[in-house]
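Notebook open, viewer open. I want to go through this chain piece by piece and jot down what I look up.

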Amino acid sequence: MVSAPHEAMHRIFQECPGLFSRLSDVLGLELPPLTSAEPLTVDLTETEPLERRVDTLLRIETRNDGPFLLIVEAQGKKDPGKTASWPYYVTYLNNKYRLPVLLLVICQDHATAAWAARPLTIGLPQWPTVTTRPLVAGPHNMPVITNVAEARKDLALATLSAITHADNPDVDAILKTMSVALRDTPESIAEPFVELIAQGLGNRPAAQQWRNLVAVDLSFYTSPLSEEIRDEGRAQGRAQGRVQGRAESVLLVLGARGIDVTDATRDKVTACDDPELLRRWLVRAASVTGSDEIFEETPTDR
């Protein structure tokens, strides 16, 4: 099953096709000025029943050197199958479009990035017939952006940086920088980046940090993520309200029956967040002779 981080690592190039040009320094690649970039179909299926798909495929125009194709692959872990599929993608697309092809792999950990960067050869050790050399962007070479002005300067690059550094110990500072940078950005521009970061963090602890930042710093957005967070907040508020109301009912019944409520009982009831336990205490409150007796289990409770 395709994971959310996998989708975010390559989908950002669909949202911002020109992002590749800003990775030149990171990748150590000298490129001519790019003039345009166009997403192409990712389906590489042949007439035979063999389905092959790349993650993202772009046709990029340059100012002086003509067009080329860019394959973007999101790689979450080492996969021996890529030894065969990546060279296939490159040669197939070169044959289909008759254009130069570059392969860019996006990773979120150092081990996978080092593995992905190895040249892939087809042929004999002493005479490789075909060599595929992926470009790799990951935590080993992507900048750690914790300066708001720098993030605002290139939101797409800053978003990809946040995704590739999802496991960085300083990820909280990176995410805070992004939330501040996006705060004054028009919602139509910011929304894809908000969602991509959420996807890219997956189920890591930093994902909850990002949700908290979206809820506070970007609370005025109406993106799917912000709406989901607000719905969760409303649901939690209703649940907390029910618990609080039930705790008050326990104390109210005891008081109405003229039973002295000790401080220890009051503290224990008001601190309880288990609605079922509060329900049982409420039932007992109608018959006990002392407030502490509501905590004593009876055979019918078991």
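What follows are my entries, from the whole chain down to single side chains.

**Overview**

I am working with a predicted model, so I keep in mind that local features need pLDDT of at least 70. I looked up the secondary structure and got 12 helices and seven strands. The chain has 302 residues, and buried ones make up 42% of them.

**Cores**

Next I went for the nonpolar cores. The largest has 48 residues, and the ones with the most contacts inside it are Phe-13, Phe-20, Leu-104, Leu-175 and Trp-210. Which element gives the largest share of this core? I found that helix H6 (residues 155–164) does, with seven residues. Another core, of 22 residues, lies apart from it; I noted Ile-71, Ala-113, Trp-115 and Val-136 among its members.

Leaving out residues up to four places away in sequence, I see Leu-175 touching Ala-162, Ile-197, Leu-201, Ala-206, Gln-209, Trp-210 and Leu-213. Trp-210, one of those partners, is also on the list of residues with the most contacts inside the largest core.

**Helix H3**

I took H3 (residues 82–97) next. H3 has 16 residues and runs 22 Å from first C-alpha to last, close to the 22 Å expected at 1.5 Å a residue. I listed its buried residues: Lys-82, Ser-85, Trp-86, Pro-87, Tyr-88, Tyr-89, Val-90, Tyr-92 and Leu-93. What do these pack against? I get strands E2 (56–62), E3 (68–75), E4 (101–107), E5 (120–124) and E6 (127–132), plus helix H4 (110–116). After H3 comes Arg-98, and I noted its positive phi, near 55°.

**Aromatic pairs**

I searched the whole structure for aromatic pairs and got five. In one of them, the rings of Trp-86 and Trp-115 have centres 5.7 Å apart and planes at 50°, so I file the pair as tilted. Trp-86 is in helix H3 and Trp-115 in helix H4, so this pair ties together parts that are 29 residues apart in sequence. Are the two tryptophans buried or exposed? Trp-86 is buried at 1% relative accessibility, and Trp-115 is buried at 11%.

Then I checked Tyr-88 and Tyr-89. Their ring centres are 6.5 Å apart and their planes sit at 70°, so this pair is edge-to-face. Both tyrosines are buried. I also see Tyr-88 and Tyr-89 forming one aromatic cluster with Tyr-92.

**Thr-62**

I moved to Thr-62, which sits in strand E2. Why do I call Thr-62 buried? Its relative accessibility is 8%, and the cut-off for buried is under 20%. I then looked at what its side chain does. A polar atom of the Thr-62 side chain lies 3.1 Å from the backbone nitrogen of Asp-65. The Thr-62 side chain also reaches the backbone oxygen of Gly-66, at 2.6 Å. Beyond four places in sequence, I find Thr-62 touching Pro-32, Pro-33, Leu-34, Thr-35 and Phe-68.

**His-140**

Where is His-140? I find it in the loop between strand E7 (135–137) and helix H5 (148–153). With a relative accessible area of 42%, His-140 counts as partly exposed. Its side chain makes a polar contact with the side chain of Asn-141, at 3.3 Å. Not counting residues up to four places away, His-140 touches His-110 and Ala-113. Ala-113 is one of the members of the 22-residue core I noted above.

**Cysteines**

Last entry. How many disulfides are there? I count zero, with sulfur atoms within 2.5 Å as the cut-off. Cys-107 is buried at 0% relative accessibility, and Cys-272 is buried with a relative accessible area of 11%.

Note on methods. Residues are numbered from 1 along each chain as its sequence is written. This is a predicted model: local features need pLDDT of at least 70, side-chain atom pairs count only at pLDDT 80 or more; totals for chains, interfaces and linings use all residues. Side-chain values use heavy atoms; hydrogens and water are left out. A nonpolar core is a set of buried Ala, Val, Leu, Ile, Met, Phe, Trp, Tyr and Cys residues joined through side-chain atoms within 4.5 Å. Buried means under 20% relative accessible area, exposed over 50%, partly exposed in between (1.4 Å probe, protein chains only). Helices (H or I, at least four residues) and strands (E, at least two) are DSSP runs, numbered from the N terminus. Contact means heavy atoms within 4.5 Å. The expected span of a helix is 1.5 Å times one less than its number of residues. A polar contact is a pair of N or O atoms within 3.5 Å; within protein, one must be able to donate a hydrogen and the other to accept it, and residues adjacent in sequence count only if both atoms are side-chain atoms. Rings of Phe, Tyr and Trp (its six-membered ring) pair if their centres lie within 6.5 Å; planes under 30 degrees apart count as stacked, over 60 as edge-to-face and the rest as tilted.
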